[in-house]
Amino acid sequence: MMCTKIYGTIGPACHDTDTLVRLFEKGMTGIRINLSHSDLSACSEWIKNIEFAYKKTGQCRADNANKTKPEILMDLCGPELRLGRLRIERELRAGDMLTLVAEGRNNLFDPTELPVPEPVLPHLASGQQILVDDGMILLEAEELFRDRTGYAAECKVVRAGVLKSGKSIALPGITIESPTLTESDLENIRLAKEYGITGVMLPFVRNQDDLRNLKQALIDADAGDIRIFAKIENMDGVKRLPELLPYCDEIVIARGDLGNAMPLWELPVVQEQIATACREVGKPFMVVTQMLASMERTAVPTRAEVSDIFRATQQGAASVMLTGETAAGEHPVEAMEYMVNTVRAAEGYLNRLTGK
């Protein structure tokens, strides 16, 4: 009997208790807090709302009958590279020119200056691509130079989009060394138990040392029982998957940045390879990113999206997750309904095939 867990992501579109109640009623089994743009203490009201909504609805469902608290995952910053703070969102057009400067040294009132982590800048030789927001925006470096604050780089917009603070950055072909956990990560880990966190998601896992470091930080915070979710988002994680498996509770096939690390048409193959490796050793895995992306704007998904959910269930995913669809989309409850119903329909079909 399969029972795939289904997570949403909390955000401006669903943080009120009424919406959270409806999400749990539709079949959501847990929720993620993205700490790339905030910290745990700032999310205390959201967590109270999650707990209230769960108590009102969660315990009446068979899959949660013995649980008194909701599953809440916190997604850390980890070694992921992200844009710094922008004063306002900006609509980028193809051909626009931008200057990338070290985070904290940009002029907030100059919309052409973008703050990036300082270690990124020396790698921006002419022709280097910069993928922003899971590759939704593509920049290309034209010139690296020194200004009054250090390195800066002139870049051209190749693929347009809306630029927002805190969005992910990836440099194809470039590895930038950074510590496993940021100072804010360590503070969030210290608070995790107090705020009822049941799982920690570590982005851009590169090797077993990253997972060992996270485990030790949890133990030091008297939170060693919190589950570890290892996000596979780069080729280091893919290549070293066998060494990661013993050091986490669940593998996360995080297809956003993972899809930036290779030609996109190769991503389904890598997803299948990771799923197979996990099944062979009995390691649970999650599939996430853009599962119902069109529902951030429309009330009905595409046929390809529901087929994608079916495929993840067929591969044996222990869990699936919605991100922007519930956090910031226009139809969070409808998206959850489609996710739950598609997963359960897939499970029913697979159970009939196996006679379970």
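The expected span of a helix is 1.5 Å times one less than its number of residues. The exercises below apply to a predicted model.

**Exercise 1.** What span should helix α9 have at 1.5 Å a residue, and how far apart are its end C-alpha atoms?

Solution. Helix α9 covers residues 303-314, which makes twelve residues. At 1.5 Å a residue the helix should span 16 Å. The end C-alpha atoms lie 16 Å apart, in agreement with that value.

**Exercise 2.** Which residues of α9 are buried, and what arc do they cover around the axis?

Solution. Step one: the buried residues are E305, I309, A312 and T313. Step two: these residues cover an arc of only 100 degrees around the axis, which puts them on the same side of α9. Step three: an α-helix has 3.6 residues a turn, so residues three or four places apart point the same way.

**Exercise 3.** What surrounds α9: which elements do its buried residues pack against, and which exposed residues does the face turned away carry?

Solution. The packing partners of the buried residues are β16 (285-288), β17 (319-321) and α11 (332-354). On the face turned away from the buried side are the exposed residues R303 and A304. Just after the helix, G316 has a positive phi of about 100 degrees.

**Exercise 4.** Which residues touch the most other members of the largest nonpolar core, and which element gives the largest share of this core?

Solution. The core has 69 residues, and I251 and I274 touch the most other members. Helix α11 supplies the largest share, six residues. Neighbours within four places in sequence aside, I251 contacts residues including L241, L245, I274 and F285. Another core, of 24 residues, lies apart from this one and includes L81 and V120.

Definitions and conventions: Residues are numbered from 1 along each chain as its sequence is written. This is a predicted model: local features need pLDDT of at least 70, side-chain atom pairs count only at pLDDT 80 or more; totals for chains, interfaces and linings use all residues. Side-chain values use heavy atoms; hydrogens and water are left out. Helices (H or I, at least four residues) and strands (E, at least two) are DSSP runs, numbered from the N terminus. Buried means under 20% relative accessible area, exposed over 50%, partly exposed in between (1.4 Å probe, protein chains only). The arc is that of the directions from the helix axis to the C-beta atoms. Contact means heavy atoms within 4.5 Å. A nonpolar core is a set of buried Ala, Val, Leu, Ile, Met, Phe, Trp, Tyr and Cys residues joined through side-chain atoms within 4.5 Å.
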